[in-house]
Amino acid sequence: MLPGLLLTIQALTIGSLTARAGEKASGYIDIPAGVDSATRVPISILRGRQPGPTLALVAGTHGSEVAPIIALQRVRQTLDAANDLRGTLILVHVANMPSFVHRTIYRNPWDQKNLNRVYPGKPNGTVTERIAHAITTQIIDKADYLVDMHAGDGNESLRPYTYWSDLRVDKRVDSLAKLMALAWGNDHIIVDTGRPKDPAASVYTTNTANLRGKPAITTEVGYLGVPDEEMIERNYRSVLRLMRHLEMLPGPKEYVEHPVWIDRNEVLTSPESGTWHALVQRGQTVQKGTPLGRVTDYFGNEIAVVRSPMTGVVLYIVGTPAITKGEPLGMVGHLLEER
Ligand SMILES: [Zn+2]
């Protein structure tokens with residue numbers, strides 16, 4: 001039997017909405033004004049009639065990572081809470097509304113903070129910190145499992161992969177999260193051992209959940225800020241796979257049969273400001289020294305060539321021209337050798 005089983009199915013209230021057994025409810029968590037303006041977080045609760053775990057799915061931590069956002073709308077539309085569902089599904093449709101509305105990459109446009117760097121948040125902080133605090137206390141604290149669903153941001157041409165934290169604080173959490181990663185379905189899985197271990201400075205959404213005893217993974221499916229149908233459908237099918245693994249939906253359990261474990265990775269940053277010209281595609285295999293792209297000045301004169309620091313796979317490469325010194329250009333993952 002899976003952990004997190006509820007014995008009685010009472011109504012669940014989050015923010016302005018309440019879902020009783022068998023109900024699907026949508027509404028908002030209000031983030032009141034503080035040192036800056038108010039915002040709100042659109043969420044849905046799907047409450048089954050039968051007991052089971054509570055799974056939280058978070059989209060839109062970065063507002064231009066849209067394939068997961070559209071996929072969660074599809075999940076809400078197609079799942080039958082009254083008949084099919086065991087347990088509870090909490091959908092955070094767009095965690096970072098200012099970023100979504102203003103189509104920004106990386107950061108909330110109001111305070112220029114990255115929502116996936118400020119957890120567990122602060123009730124009296126700037127807007128990004130207040131959103132993080134609300135998600136920590138109203139979503140993570142009420143969930144048994146969590147997936148933070150990312151994609152390539154508006155500038156990132158990305159091939160699908162998953163982050164699994166081998167945190168080594170709680171073996172149960174690590175092993176359950178590993179199974180979640182295999183159930184989700186991305187065959188490229190980064191083994192991340194470097195996340196902070198202090199719950200009061202957990203920094204990342206997923207790390208906040210893991211450190212609170214709720215197994216969680218971060219997924220990356222989609223690219224360049226577009227709602228590509230194949231990527232939307234991949235996210236959607238992964239949600240259903242994970243729910244079957246957690247026995248929230250009936251049907252056969254499926255796991256990645258031949259995972260490609262990535263034991264280390266490097267985010268490359270631009271040595272100069274200028275114009276970026278990528279020379280590789282997402283998912284491409286590269287050797288140590290393979291040119292990943294060129295930086296030119298605004299007139300087209302080459303000022304730098306960026307090469308891969310290792311043999312591996314291009315997990316993402318920036319696919320749009322604007323580049324600033326110190327900003328990410330791409331990420332290369334090194335494949336764990338067969339042991
Ligand atoms: Zn992201």
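I looked up the accessible surface of the protein chain: about 14,300 Å², of which 50% belongs to carbon and sulfur atoms. Such areas come from the Shrake-Rupley method with a 1.4 Å probe, and for residues only the protein chains shown count as cover.

I noted that this is a predicted model, where local features need pLDDT of at least 70 and side-chain atom pairs 80 or more, while totals for chains, interfaces and linings use all residues. Residues are numbered from 1 along each chain as its sequence is written, and side-chain values use heavy atoms, without hydrogens and water.

Next I checked burial. Of the 339 residues of the protein chain, 55% count as buried, meaning under 20% relative accessible area (1.4 Å probe, protein chains only).

I then looked at the cores. A nonpolar core is a set of buried Ala, Val, Leu, Ile, Met, Phe, Trp, Tyr and Cys residues joined through side-chain atoms within 4.5 Å. The largest has 53 residues, and those with the most contacts inside it are L55, L57, L89, V147 and M243. A second, separate core of 29 residues includes L12, I43, I90 and A209.

I picked L55 and listed its contacts (heavy atoms within 4.5 Å). Beyond its neighbours within four places in sequence, L55 touches residues including T88, Y145, L242 and M248.

Over the protein chain, I took contacts between residues at least 6 apart in sequence; 71% of them join residues at least 24 apart.

Last, I recorded the box filled by the C-alpha atoms of the protein chain: roughly 65 × 50 × 40 Å, along the principal axes.

Note on methods. Buried < 20%, exposed > 50% of the residue type's maximum accessible area, 1.4 Å probe, protein only.
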